[in-house]
Each structure stands twice: as structure tokens, then as C-alpha cells.
Amino acid sequence: MALLTWEDKYKVGISKIDDQHKKIVELINKLYDSMAEGRGKDVLKSILNDLVEYTKYHFQTEEKYFEDYKYQNKNEHKKEHEDLKNKVTELKGKVDIGKAVLSTEIMQFLKQWLVNHIVESDKKYSTFLISQGVR
Ligand code: FEO
């Protein structure tokens, strides 16, 4: 069963961003399902790598919007991105060398971080961008 089900309340109203968020949800679910099914380490490492890389790409997409439209709260938002990137990069490093294993707690943390970040922080900048004509 999926860890996180996409719901309309997560939409920020900008199609490129909504599509990227859906893809992150898909990757989190894929990682969770693989963990729950007891898949091998290499499979988990590969999916975790995809999740980390895609999340970085997604953050870059948002941050490009911040620059292009001179979003006022960009530094605060980018700090949230940096904090998560640091955490998942550290986690990935530990998993890669066998010093950490994925757990339900870690997956719950990722899920909760994403949901909170989308509904609280992403919706703030998307409201601003939409007011600037971005769709
Ligand atoms: Fe969609 Fe700010 O991450």
C-alpha cells in the first residue's frame, strides 16, 4: 500500500511544479514499497539515489522561478531546501556504506517533510507566482 497518496489539496496550481511533486510522491512510494517488500540493498540504494537526484532537480526548478520573479521569501525557502538536501545526502551516504538502513521512521519523516513543505512553503511562493501570471 502506498505510503503517500496524492490529493488535490497538495496542488500548488503551477502545472510543472505539480507534476514534479507527483513524481517525488511516486519515488517515495516506490522506495517505501521496495523497503516493505524486503528488496535488496542495491535496489533500495538505486531508488534512494533517484529520489535524491530528482528532489535536487525539483528544488532547482523552484529556485529558478524565485530568481526569475524576484520572490521575496526566497532565502527562507532555499534554506528549507538546503536543510533537506543535507539530511538526505547524509542518509544516502550512510546507506551506501551500510552504516544506516531505511526504516519506517525515515520514510515517515520524508513523507511528512514533503507534505508540510508543499502545503506551507510551496503554496506561499506559488500564490505569488500565479499573481505574476505563471501557470
Ligand atoms: Fe516543492 Fe520547495 O519544494
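Student: Which residue just after helix 2 takes a positive phi?
Tutor: Lys70, with a phi of about 50°. Helices here are DSSP runs of H or I, at least four residues, numbered from the N terminus.

Student: What kind of model is this?
Tutor: It is a predicted model: local features need pLDDT of at least 70 and side-chain atom pairs 80 or more, while totals for chains, interfaces and linings use all residues. Residues count from 1 along each chain as its sequence is written, and side-chain values use heavy atoms, without hydrogens or water.

Student: How far apart are the end C-alpha atoms of helix 2?
Tutor: 41 Å. Its 28 residues should span 40 Å at 1.5 Å a residue, so the two agree. The expected span takes 1.5 Å times one less than the number of residues.

Student: New topic. What volume does the largest pocket have?
Tutor: About 150 Å³. A pocket is an open set of points on a 1 Å grid over the protein atoms alone, with protein on both sides within 12 Å along at least five of seven lines. The volume is the space filled by probe spheres set on the points, joined across faces, edges and corners.

Student: Which residues line the largest pocket?
Tutor: Lys41, Leu44, Lys45, Val95, Asp96, Gly98, Ala100, Val101 and Leu102. Lining means an atom within 4 Å of a point. Helix 2 gives the most, with 3 residues.

Student: How do they divide by class?
Tutor: Into 5 nonpolar, 1 polar and 3 charged. Gly counts as polar here.

Student: How many cavities of 30 Å³ or more turn up?
Tutor: The search of the whole structure finds 1. In a cavity, a 1.4 Å probe fits but cannot get out.

Student: Which lining residues are closest to its centre?
Tutor: Ile24, Thr55, Leu84, Trp113 and Leu114, out of 15. Helix 1 (15-36), helix 2, helix 3 and helix 4 (104-131) each give two or more residues to the lining. The largest share, 6 residues, comes from helix 4.

Student: And which classes are in that lining?
Tutor: There are 10 nonpolar, 4 polar and 1 charged residues in the lining of the largest cavity.

Student: Last one. What is Leu51 in contact with?
Tutor: Ile24, Leu27, Ile28, Leu31 and Leu110, leaving aside neighbours within four places in sequence. Contact means heavy atoms within 4.5 Å.
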